[in-house]
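Morning, everyone. I'll take a few minutes on one structure. Please have a look at it first.

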Amino acid sequence: MGRKNVTCTFCDNLCSLAANTRDDCVSLRPANPEILQICPKAHMWEEYQQHELRITKPLKNVGKRGEGIWEEVSWNTVLDEIAEKLQGVIAKWGAEAIGISECAINHGFGGITRRFMNCIGTPNYIAPQHLCMGNTAQVHRATYGWYTTANWDKADVIVYFGQNRGSELWPGEYFKLKSALKRGAALIEIDPKTTETASLADHHLRIRYGTDTALLLSWINVVINENLYDEKFVAENTYGFDDLKKRVQIYTPQWAEKACGINAETIRLTARIYAGAKAAIIPWGVVGDMQKNSTSMLRCQCILRAICGYINVSELVFGPATGFITNSELAGFDLLSNEQKAKQLGTENYPLFTFKGGSHYEAALHEVGIDHYPDILGCSCMAHPPTLFAAMREEEPYAVKAFFAVANNTIMSYANQQGIVDAFMNQELVVAFENVMSPTAQLADYVLPGDMWAERDVLGPQLDVAPVVTFSEHIACPVEECKDWYYVVKGLADRLGLSEQFPWQDSHALHDYRLGKLDETWNESPGTVIPLTPAAFGKFLTPTGKVELRSTVLESLGYDPLPYYLEHGEEGVDESEYPFVIFAGYRERPNYNTCLRHIKALRQRQSEPLLFINPSHKDEYDLEEESWVKVSTTLGSIELMAHLDDTQPPGTLRIPHGWWKPEQPQGLSADLSKATQHNDGVLFSDADWNLDKEQGVVNLRGGVRAKIEVLKTQRT
Ligand code: SF4
């Protein structure tokens, strides 16, 4: 019997598990004894690994794009052909004509894709973190110079914006929440809907969708005007307090009551509870990442943590970790010329995310001896996804003609799905690195069979947000010809004359190089988490060296340096024709984003995409439980099965994220296995009117309007 440490990446909770092997049987349990149970998804790894839909050989599309006439080819042939086509695109269109969308946690290699891109000369990298935690990271960085992490061990007040945690939804945090509540911590949950977590709250504020920023601004108003802030911390560590004080005077609780539908007295009461705590926390949650006012909402959260004195008490601001080759160092951003960096798509319209935004921290970093480009969440210098897709589609401001979807179901992971499909159709080369024939892979010229988490040795984490080195060991061998992502990168790099920049023969040699600074090797490694020392500078890594309540970075990029509130909404839309407000991106427990829908036991728990709607609309629409409903916005329509739920606010619709049916026929003529029939990305525009001003993140959480029609039968 042997024990191994593995990290499950079936969802972004990245649970650390202990795998015990006896007589070829592997049993999994949480590595941390405080986590009482493992969620059932991890136990499905063998079914996932051996599934009949698993891609096990490199495939080449020999028909038209989207027709899906596949021919098996060897790895050598596929890498030769891709390398040759890449050279052709670079020669004809320039290196910037190559775009990549990647989810590094899915393949286990942080930094290596950026290194490859930096070496070939393209800045056009995107990642789904644009809509999930990555934009939070940019705002934390603009305020504190780095990311804040909630210290659950101390928390006596917890503020959640729509988080619904459970043993299958971020179980690590769920058990921390339960234990905090047990020792007497108070929970304030801000969520229009009653959920499992909301029902545990001391104060559940059923806010109007998409108006969280209005509530937060009025909390700051109360905290400042009632002198509830930490004067010493503000005086010694912050920049711009007087400007902030002036700005929030208009955002009174009475004003906020009208904007967000929460009683002014409740706003005052909850602001006092937050400010009066010893160690309050506002943990990260995705709701803030998908709104019209995202940047202002996240700025308000950052400001509250600081002025109430919780920074480095219950909200820990680490600096870049030292002692290990981080993902950012491996990426080697200095390998990309300034001329190519300046071509990054999004630099002009939404620069906070891009190299241009990142350049504002360089002086502060150099002052403390950091000479590489620390990339908190694998995206601190990425292109703007809608601008990249537009360049692929319309060839403006220049053409992007080759695209890699790396462990990422790109067409379903961003807004304006049809626009992304059109972008793919205008490419000279599309490559997908995948486990199953996702709707994105169905549009590729080459599909490369990737390994899965149980089959690989992973040195991580893949994002530099946590100052630790983690180890995840394989518990099975890759099936047939599945390979790890480094094999692909190395194979292409060698063919493109970049061997010097990729001297590591395989993933273990790469791991040993990264562990070298710690005097460890993969084979001799302890196999458990090694905590790294975050650099302690005695200052914040912002341009002023302070917590910037007034952001000099936003200001120099041409934006309002203080938080504000904009009413969301679609200009010119007739609200009588589109009477519902939609909230999308809802995650169901038996799957994760667009993944796992082919796993039988999970699919049985959630067989169809459910539309949550209040039963008060039943008679008006002749609606029953399980009626099929067509939901339409001004951009597109999808079909969902109605679930009547009286905790869903009347006049609103909740839409699940990422639905397709892997068992259904493939290809464009078959609706990409029903992705075009069910996925929420069909409904949401990625045009400027629906984007957050500063970061260009798509508003999915209130503001977009919809109409419904009950269908007699489901379209098949
Ligand atoms: S919550 Fe479940 S699916 Fe997600 S990482 Fe943990 S075990 Fe895996």
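I start with the ligand. Its shell holds 8 nonpolar residues, 1 charged residue and no polar ones. Who are they? The ligand is surrounded by Cys8, Phe10, Cys11, Leu14, Cys15, Cys39, Lys41, Ala42 and Pro171. Keep in mind that this is a predicted model.

Now the domains. The assignment gives domain 1 as 2-50, and domain 2 as 59-132 + 328-467 + 476-502. Domain 3 covers 148-317 + 541-556, and domain 4 covers 580-710.

I'll stay with domain 3 and domain 4. Their centres, taken over C-alpha atoms, are 29 Å apart. How many residues are in contact? On the domain 3 side, 22 residues are in contact with 25 residues of domain 4.

Next, area. The size of an interface is often given as the accessible area lost when the parts come together. Here, domain 3 and domain 4 bury about 1,900 Å² between them. Carbon and sulfur atoms account for 51% of that. Which residues of domain 3 lose the most area to domain 4? Tyr209, Met290 and Lys292 do, and together they make up 38% of what that side buries.

Last, the polar side of things. Between domain 3 and domain 4 there are 14 residue pairs in polar contact. By class, the side of domain 3 that touches domain 4 has 7 nonpolar, 8 polar and 7 charged residues. The interface also has 3 salt bridges. As for salt bridges in the model, Arg589 forms one with Glu196. The closest N and O atoms of Arg589 and Glu196 are 3.4 Å apart.

That's my tour. Thanks.

Definitions and conventions:
Residues are numbered from 1 along each chain as its sequence is written. This is a predicted model: local features need pLDDT of at least 70, side-chain atom pairs count only at pLDDT 80 or more; totals for chains, interfaces and linings use all residues. Side-chain values use heavy atoms; hydrogens and water are left out. A residue is near a molecule or strand if one of its heavy atoms lies within 4 Å of it. Ala, Val, Leu, Ile, Met, Phe, Trp, Tyr, Cys and Pro count as nonpolar, Asp, Glu, Lys and Arg as charged, and the others, Gly among them, as polar. Domain bounds come from an automatic or database domain assignment. Contact means heavy atoms within 4.5 Å. Buried area is the accessible area (1.4 Å probe) that two parts lose on being put together, summed over both. A salt bridge is a side-chain nitrogen of Lys or Arg within 4 Å of a carboxyl oxygen of Asp or Glu. A polar contact is a pair of N or O atoms within 3.5 Å; within protein, one must be able to donate a hydrogen and the other to accept it, and residues adjacent in sequence count only if both atoms are side-chain atoms.
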